[in-house]
Amino acid sequence: MYDLSVRSILYNNYDSLNWVFQWQLIKQLPSFLHLATTTLDDYVSRQFKDIRLKQILEYHSVFLGTSPYKAPAIYSLMSTLDFNSGVYYPENGIYSLVQSLALLGDKRHVTYKTSSAVSSIVVSDGLATGVCLESGEIIAADVVISAADLHHTETSLLPKKYQSYPEEYWKNKEPSPSALLISLGIKGKLPNLEHHNLYFVDAWKENFAAIYGSFTIPEDASLYICKPSATDKTAAPDDAENIFILLPLPAHKNLSNKETAGLTNRCIEQLSIVTNSPNIASRIITKDIVGPQDFATRFNAWEYNSLGGQSHVLSQSAFFRTPNKSKKVQNVYYVGAGTNPGVGLPMCLISAELVYKRVCDIRTTGPLDHVVIGKSA
Ligand SMILES: Cc1cc2nc3c(=O)[nH]c(=O)nc-3n(C[C@H](O)[C@H](O)[C@H](O)COP(=O)(O)OP(=O)(O)OC[C@H]3O[C@@H](n4cnc5c(N)ncnc54)[C@H](O)[C@@H]3O)c2cc1C
């Protein structure tokens, strides 16, 4: 299923029917349809009874913005990545990916303009002519590609008459969850922690039902605790640890200051229990909190979501996902987690390749061998 997805699904703009007639896909169609219409939990439960095994095979649905009780079993392909490829950590942390991309652009004489929020996309007679910044400056463009939240781009940046996906469209869509992120600098070492640590609650189903069903904060929540200083010596001084805690929260919901403080304390208490460090609070040197409000105001995230777009339920996956091209303005395109193939950094990078294919009218369904950059493209 993983191979099939790479060949026919992930790099596909669904702008031609050629992909449907591929022999590999036709051959695997029965199992493909079965996995598309079965939930991940049903699929895993048929083969595993032990809750710990089920958790290991289902937890990744969180990183697809949904619950194993809603995600199609096709996403069990994420376990292929877990078990066959492993988890990668870029040297010097995830920000080095941003720096590497910026460097590639520099080599191609790309001009970057940071801290310059766009207030609108300027459209004239069905054609975008550029973008207007909040400062009032207008930047002319032949093509506009928005990497901002897709709901924000469509409903706030485009004039109403040019919105292909206006506010009503989003009423039937399901966002990815929000999150509380607690970044801590801790004095002294925490030897009980690995780089990646997942803590699953026994009330597995109830936990997912609260976050993705009733949109409430679960009493007892599963947690991800990351200690990059386990792998990366640049992440913290020798006698300290760099920790971040990720607590998934329901979308649609902001937190009051009191709720944020309460949840932060709860997470730090849990950190103290799992690391067997009763005095951990007194060892905190730095603390930085990012919550639902930050996603909404800093990134214009739709319904406070933290992953950059819609969840990966079947109705929001593959050819059902919001396409990367405006239907009303012919030279406006979208990249990032809101469109195909979906949430997560590798997916967002693939989304850029998909826009490249759209702009150049390349209708192949797999990854490109090479990309032509420059006027000849
Ligand atoms: C805690 C956490 C951990 C994660 N870990 C992983 C991981 O290990 N692996 C993985 O693959 N994925 C991970 N993800 C998911 C991944 O980070 C996202 O799916 C991805 O970053 C989404 O990228 P994007 O480009 O669509 O959106 P964003 O990264 O949000 O980028 C959009 C940018 O557009 C800007 N913007 C918005 N509006 C405007 C405007 N009007 N004008 C100008 N700019 C604007 C925003 O400020 C933002 O910088 C994680 C997410 C979180 C929250």
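## Exercises on the ligand shell, the domains and a sheet

Of the 21 residues around the ligand, Ala-148, Gly-308, Gly-336, Gly-344 and Leu-345 come nearest, where a residue is near a molecule if its C-beta atom, placed from the backbone, lies within 6 Å of it. The model is predicted, with local features needing pLDDT of at least 70 and side-chain atom pairs counting only at pLDDT 80 or more, whereas totals for chains, interfaces and linings use all residues. Residues are numbered from 1 along each chain as its sequence is written.

**Exercise 1.** Determine which helix or strand gives the most to the shell around the ligand.

*Solution.* Start with the elements that each supply at least two residues of the shell, namely β5 (178–187) and α12 (345–360); helices (H or I, at least four residues) and strands (E, at least two) are DSSP runs, numbered from the N terminus. Of the elements, α12 gives the most, with three residues.

**Exercise 2.** Explain why the ligand shell lies between two domains.

*Solution.* The domain assignment, which is automatic or from a database, gives domain 1 (2–85), domain 2 (95–173 + 312–360) and domain 3 (178–299). Because domain 2 and domain 3 both give residues to the shell around the ligand, it lies between them.

**Exercise 3.** Find the edge strands of the open five-stranded sheet.

*Solution.* First write the order, β6-β7-β8-β5-β9, with antiparallel pairing, two strands being paired if DSSP finds at least two bridges between them. The edge strands are then β6 (196–199) and β9 (284–290), each of which pairs on one side only. For β6, four bridges join this strand to antiparallel β7 (residues 223–226), and Leu-198 has Tyr-224 in β7 as its bridge partner.
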